[in-house]
Amino acid sequence: RRAGGPPHVIHLKDTNMLRLTFIFTLLFCLAPFAQAAKLPQAPPDAAGMSAKSLEPIDQAVADGLAARQMPGCVVLVARQGKTVFLRAYGNRAVEPAKVPMTVDTVFDLASLTKPIATATSVMLLVEDGKLVLDEPVARYLPEFAANGKDVITVSELLTHEGGLIADNPLADFADGREKAVQRLLALKPLAKPRETFVYSDVGFMILGELIGRVAGEDVAHFSAARIFQPLGLVETGFLPGQSLRDRAAPTERREGRWMQGEVHDPRAYALGGVAGHAGLFSTAEELAVYAQMIHNGGEWEGRRVMKPQTIATMTQPHKTVRGVRALGWDVRSGYSSNRGENFSDRAFGHGGFTGTALWIDPELELTVIFLSNRVHPDGRGSVNRLAGRIGAIAAGAITPPAK
């Protein structure tokens, strides 16, 4: 995703959007009074890992800070259902004043929204029998058939093989959400499905609209009700309220103010902060709970969120013309520089433009989370290779089982 200039301001005059904003503001204002779900913390050896072998993470991050790749970050490593490494480094903010990073910092997850909120919601609708992966999107969104897109399937959007462009112009969002969605649905494709791989924000914006049409509620409401609330995640969602915004890592300046707890992506911002490709916020410890649900085959503390077969389908490697993807996830592609080089072939993950990465390795029973606001303060940071280096350190810290 390429960051553009200041987006056109969309005034939320629509009644439904005002209601949405109120509901999510209320939800996140109440978040501090709810007990957040967390994995239990344990020493590395309790999960078959070496504490000494994890220590190089400190130097890797120190190198990144010295090179000004980001102002600060939070790193979490979990294995076998336990958090074995959780540390905050550097600063949450450096402008207008320095604020130290903390492990409970709230981050704009950017494109981690794609797998965690959007793809997971799509798979739940498949599980419900309301969507079929190999059916054309136009079966559910008839307007999407325009300009020869009638054969593009749901699964092809999830793997970025629908032949759609990466991003449409910001000017398409200048006249309100309804008009912006009409323009998205009417876009012309670049190629026929599966002819090429184009990492497409447009495709996931379409998937966000698909969720709204099929579920009868947008991706923010649906993911909250079906994913985050069952997991006990009270600090994960769209449109964070004031208490979480105060704890959020700022990104850049927009319209004379720092974006703090406000989505960085200009198209998601123009859509009111809720979109299928960006807009999700969370913390490292809450993301670890989501990842553990995936490790557990869809269950967390006795609550089933997804069926094991649904997760198996979502995370099955799929070869594209440019690498390997899964449904909403990266596996091995040109976007995998944030992947630990010694992860197993079963590992899958994703990154976010703001400086975030989550990788889950079922074979190693390992979760590695790297969260930063690398775009603060001037958009010049770069952390993908650092996240990959940390993933490699974490995987290398697993000790061989005793014979």
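Visitor: What is the strand order in the open sheet of three strands?
Guide: The order is S4-S8-S5, with antiparallel pairing. Strands here are DSSP runs of E with at least two residues, helices are runs of H or I with at least four, and both are numbered from the N terminus. Two strands pair if DSSP finds at least two bridges between them. Before we go on, this is a predicted model, where local features need pLDDT of at least 70, side-chain atom pairs count only at pLDDT 80 or more, and totals for chains, interfaces and linings use all residues. Residues are numbered from 1 along each chain as its sequence is written, and side-chain values use heavy atoms, with hydrogens and water left out.

Visitor: Which are the edge strands?
Guide: Strand S4 (107-108) and strand S5 (237-238), each of which pairs on one side only. S4 is joined to strand S8 (residues 280-282) by two bridges.

Visitor: And what stands opposite Asp-108?
Guide: Phe-281 in S8.

Visitor: New topic. Where does Arg-374 lie?
Guide: In the loop between strand S16 (366-372) and helix H13 (384-396).

Visitor: Is Arg-374 buried or exposed?
Guide: Arg-374 is buried, yet has no salt bridge. Buried means under 20% relative accessible area, exposed over 50%, and partly exposed in between (1.4 Å probe, protein chains only). A salt bridge needs a side-chain nitrogen of Lys or Arg within 4 Å of a carboxyl oxygen of Asp or Glu.

Visitor: What is the nearest side chain of opposite charge?
Guide: Glu-252, 7.2 Å away. For charge, Lys and Arg count as positive and Asp and Glu as negative, while His and the chain ends are not counted.

Visitor: Which residues does Arg-374 touch, then?
Guide: Leaving out residues up to four places away in sequence, the list includes Gln-69, Met-70, Phe-353 and Arg-380. Contact means heavy atoms within 4.5 Å.

Visitor: What do the buried residues of H13 pack against?
Guide: Helix H2 (51-54), helix H3 (56-66), strand S1 (72-79), strand S15 (356-361) and S16. Among the buried residues in H13 are Leu-386, Ile-390 and Ile-393.

Visitor: How many helices and strands does the protein have?
Guide: There are 13 helices and 16 strands.

Visitor: How much of the protein is buried?
Guide: Buried residues are 58% of the 403.

Visitor: Last one: which residue in the hairpin of S12 and S13 takes a positive phi?
Guide: Gly-328, near 95 degrees, in a hairpin with four residues between the strands. Strand S12 (residues 323-325) and strand S13 (residues 330-333) pair in the antiparallel sense over three bridges.
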